[in-house]
Amino acid sequence: MDIDDRGVAYVTFNRPIVHNAMSADFIQEMQHICATVELDAAVRVVVLTGAGKTFCAGGDLKWMESNISKTRAQRVEETSKLAKMLAALNNLSKPIIGRIQGPAYGGGVGMVSVCDINIGVETAKFALTEVKLGLTPATISPYVVKRIGAANARRNFLNARVFGATEAKTIGLLTDVVTVGELDQAIETEVKMILKCAPGAIASTKKLIDYVDTHTAEENAIYTADNLADAWETEEGKEGIEAFLNKRKASWA
């Protein structure tokens, strides 16, 4: 992980020889990175990408094979680590931008799905390949289904078909599709927009999105009223309103 002087954390999956497949060490390191980023107030946004030609090929088959001979309890312990890593990324209070520079398969689609914004190159390919291997997309399913919807999940979970970047954008997996040459500038554009916004407000808004998506209208009415009242009471809220009224930049911009 590299953090620049603006507070942008660049996290790169660095296993290009195996197409950035997720191993036990990979999962442990990502958990550590999530914990570090969450506690570092200087970090304001995370850019997630892969080294080499592939974003992420999903679970490392050698890691999976090594778990077959273990006890049931040991296997559940391993799969729980993967589930916790995905949850840590999904629940991170800092926004995550996926820099999708190449294909994402299986669990790699899960990694795309836990990002808040995804910019992918037009040549990127995607597939949810688990059933082709006699497996299920279990731990990634909450995030993929939430991202692309149940109908699109049925279409892609059940046949392991490969689809391109244009379709990925259509179903909501990607935010935007660009050429390889445009990718870094597109990422920088997203980063700059986020850096103009209040970090605390962003963190609160991420929680807000998750809450209103899973609660009733009555519960949302109470939660959102409290949320806005809370925002008015924060130093960020006071600073943002004052900066706007006085036609100056806010302190975080």
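The largest cavity is lined by Val-43, Arg-44, Ser-93, Lys-94, Pro-95, Ile-194, Cys-197, Pro-199 and Ile-202. A cavity here is a set of points, on a 1 Å grid over the protein atoms alone, where a 1.4 Å probe fits but cannot get out, and a lining residue has an atom within 4 Å of a point. By class, that lining has 6 nonpolar, 1 polar and 2 charged residues. For the classes, Ala, Val, Leu, Ile, Met, Phe, Trp, Tyr, Cys and Pro count as nonpolar, Asp, Glu, Lys and Arg as charged, and the others, Gly among them, as polar.

Before going on, the basis. This is a predicted model, in which local features need pLDDT of at least 70 and side-chain atom pairs count only at pLDDT 80 or more, while totals for chains, interfaces and linings use all residues. Residues are numbered from 1 along each chain as its sequence is written, and side-chain values use heavy atoms, with hydrogens and water left out.

Back to volumes. The largest cavity comes to about 60 Å³, a volume being the space filled by probe spheres set on the points, with grid points joined across faces, edges and corners. The whole structure has 2 cavities of 30 Å³ or more.

Now the domains. The assignment gives domain 1 as 2-195 and domain 2 as 198-246; such bounds come from an automatic or database domain assignment. Their C-alpha centres lie 28 Å apart.

How much area is buried between domain 1 and domain 2? About 620 Å², with carbon and sulfur atoms giving 46%; buried area is the accessible area (1.4 Å probe) that two parts lose on being put together, summed over both. In domain 1, Arg-44, Ser-93 and Lys-146 lose the most area to domain 2, together 57% of what that side buries.

In terms of contact (heavy atoms within 4.5 Å), 10 residues of domain 1 meet 6 residues of domain 2. Between the domains there are 3 salt bridges, each a side-chain nitrogen of Lys or Arg within 4 Å of a carboxyl oxygen of Asp or Glu. Lys-146 and Asp-210 form a salt bridge through their side chains, at 3.3 Å, N to O.

Key. 1 Å grid on protein atoms, 1.4 Å probe; cavity = no way out; pocket = protein on both sides within 12 Å on 5 of 7 lines; lining within 4 Å.
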